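Student: I have a structure open and want to learn how to read it. Can we go through it feature by feature?

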Amino acid sequence: MNRWHLSPGGPRSPSSSSFHDSRPALFSTSELREHGGPHRIVIVGGGAGGLELAVHLGEQLRKLRRREAPAEVVLIDAALTHVWKPWLHELAAGTLGGHDAGVEFLQQARRHNFRFHLGTLESLDRARHELWLAPLVDDEGTEIAPRRPVAYDTLVIAVGSIVNDFHTPGVAEHAIALNSAADATRFHRLLLAACARAEVRSGGPVQIAIVGGGATGVELAAELIESVHAIAGLGTELRQEPQPVQLRLIESGDRLVSALSEDISRQAREDLEARGVEVLLGRRVTEVAANHVVLDGHEVLPAELTVWAAGIRGPEVLEKLDGLELNRSRQLLVRDTLQSTLDADVFAMGDCASCVPEAGAPAVPPRAQAAQQEARYLADALLRRLESRPVEGFRFHDRGSLVSLGSRDAVGRILGRMPGHGVRLQGLLARWAYWSAHHAHMVRLQGALRTAWDQVGNWIDGRTQARVKLH
Ligand SMILES: Cc1cc2nc3c(=O)[nH]c(=O)nc-3n(C[C@H](O)[C@H](O)[C@H](O)COP(=O)(O)OP(=O)(O)OC[C@H]3O[C@@H](n4cnc5c(N)ncnc54)[C@H](O)[C@@H]3O)c2cc1C
């Protein structure tokens, strides 16, 4: 177990002006530079882990407000909206309910007692306790804000992961990776265009290749089959096709979702094949081109759309963090306290961090539930640290995994608190359990009532609008 020490700067003396009351503009360069207030905890990345951390910390600090809050929380994200990444495949397929599409960071900040700044982490100066944000530009390329520093006392990096292309030729140019909501939205537009092309050429299905048979690839395959059938049902030519979509799921290993047990892999494969997905196991994609993929260096398979979902690694910015240690997957190496190995004031969590809690134990997996557990752990630990109280190391508790297989199906296992005990779930019940993980996340962010209203909104939309988003 590691014990923490306060940073040399320690918590700053609380300023007389309350940060709860004075709301900053979206970003304010001078305000960010001049930092003389309370201990500033800066979180970079408002994903499954980072936003929950900001919310937990903000709420705990609100409770301490009467006794003068010992710290302030600043969340920085490259986007204005938080998106639940496990649902990017639904955003890509156009089947995500409009009320689930995102949560505004500024609104969260106002509700939960933290500040939000729009910006993209570019580099770090650890000696000066400053991070640097890239220039902020609008859609036209006009600069809104210059490259600028942000001072911190404690920094938490939570920037997630990107897809690993393993340097495969053509992936960057021709394949789509679901790294962000923008990628998923772009894929959706390309999917609609591919369906329109298939209508116009009147003959032949939409051809899609998904590379990588992990949870992302499997969930996307199931969602796309439903989506293209729904789109085809609205057209004239595609509707005549016996199969409006030819979807190939290509995996280099010998089974799908290999992180889960063999019976779940088998079930996922049978389910996808029953829906018409061609599952290719033990095959490696060696090149991607505009309209095909190459298998094992020689076999060419047509593909108008290729999605690359074969593993993850840390984003490039992690190489610019003033020499912090990385593993081979470019994740930041952290101790069991989630402190980076070289700097006690810099923490990392979620997909961008590699934490091995105990010698010989497996690394904490890059999953939403791990990022959320780390968020809860850090919310408590960072405040303890401010009060110089001892902190236990982080322990990951695997609560099981579920893989969505379309709107009415899922498969997986829920694990109890006793090691080795679990319940296998399948079908509608599993789908409900899968959905409830997101539901619980939303309740934590916006409360039960607002979340319930959003569900009512989705239900009404489902009765008044097309099942698939057509724009
Ligand atoms: C299609 C799909 C399905 C998945 N299904 C599941 C599932 O069923 N169960 C499960 O447990 N996990 C699932 N995952 C994995 C899960 O989404 C991730 O493990 C989880 O989102 C990681 O959380 P995070 O907080 O580390 O990062 P993220 O949720 O990825 O958030 C990262 C945040 O950082 C921001 N950011 C990135 N770079 C910068 C920068 N330079 N500057 C500022 N901000 C930045 C991003 O805008 C984003 O808001 C799935 C992933 C995908 C893609």
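Tutor: Start with a loop. Asp296 is found in the loop between β18 (292-295) and β19 (299-302). Keep in mind that this is a predicted model.

Student: What is the phi of Asp296?

Tutor: Phi is positive there, about 50°, although Asp296 is not a glycine.

Student: How accessible is Asp296?

Tutor: Use the cut-offs. Buried means under 20% relative accessible area, exposed means over 50%, and partly exposed lies in between. Asp296 has 31% relative accessibility, so Asp296 counts as partly exposed.

Student: Where does Phe166 lie, and is Phe166 buried or exposed?

Tutor: Look in the loop between β12 (162-163) and α5 (171-174). Phe166 has a relative accessibility of 52%, so this residue counts as exposed. Its phi is near 50°, a positive value in a residue other than glycine.

Student: Now a strand. What about Ser404?

Tutor: Ser404 belongs to strand β25, residues 400-404. Its relative accessibility is 0%, so Ser404 counts as buried. Then check for a partner. The Ser404 side chain makes a polar contact with the side chain of Arg431, at 2.6 Å.

Student: How do I read a helix?

Tutor: Begin with the general idea. An α-helix has 3.6 residues a turn, so residues three or four places apart point the same way. Now take the case here. Helix α10 covers residues 368-386, which is 19 residues. From first C-alpha to last, α10 reaches 27 Å, close to the 27 Å expected at 1.5 Å a residue.

Student: How many residues of α10 are buried?

Tutor: The count is 15 of the 19, so α10 is largely enclosed by the rest of the structure.

Student: What comes just after α10?

Tutor: Look at Ser388. This residue takes a positive phi of about 55°.

Student: Next, the ligand. Which residues come nearest?

Tutor: There are 30 residues around the ligand. Gly49, Asp77, Leu121, Asp351 and Ala368 come nearest.

Student: How much of the ligand does the protein bury?

Tutor: Taken alone, the ligand exposes 1000 Å². The protein buries 84% of that.

Student: Which elements give two or more residues to the shell around the ligand?

Tutor: They are α7 (215-234) and α10. The most comes from α10, with three residues.

Student: Which domains does the shell draw on?

Tutor: Domain 1 (29-161 + 314-386) and domain 2 (163-311) each give at least three residues.

Student: What kinds of residue make up the shell?

Tutor: The residues divide into 13 nonpolar, 12 polar and five charged.

Student: Let me try Ala368. Where is its place?

Tutor: Ala368 is in helix α10, and Ala368 is among the residues that come nearest the ligand. Its relative accessible area is 21%, so Ala368 is partly exposed.

Student: How far is Ala368 from Lys85, in sequence and in space?

Tutor: Read both distances. In sequence, Ala368 and Lys85 are 283 residues apart. In space, the two are 8.3 Å apart, C-alpha to C-alpha.

Definitions and conventions:
Residues numbered from 1 in each chain as written. Predicted model: local features only at pLDDT ≥ 70, side-chain atom pairs only at ≥ 80, totals over all residues. Heavy atoms only, no water. Helix = DSSP H or I, 4+ residues; strand = E, 2+ residues; numbered from the N terminus. Expected span 1.5 Å × (residues − 1). Buried < 20%, exposed > 50% of the residue type's maximum accessible area, 1.4 Å probe, protein only. Near = heavy atom within 4 Å. Areas by Shrake-Rupley, 256 points an atom, 1.4 Å probe, with all protein chains shown as cover. Nonpolar A, V, L, I, M, F, W, Y, C, P; charged D, E, K, R; others polar. Domains from an automatic or database assignment. Polar contact = N/O pair within 3.5 Å; in protein donor to acceptor, adjacent residues only side chain to side chain.
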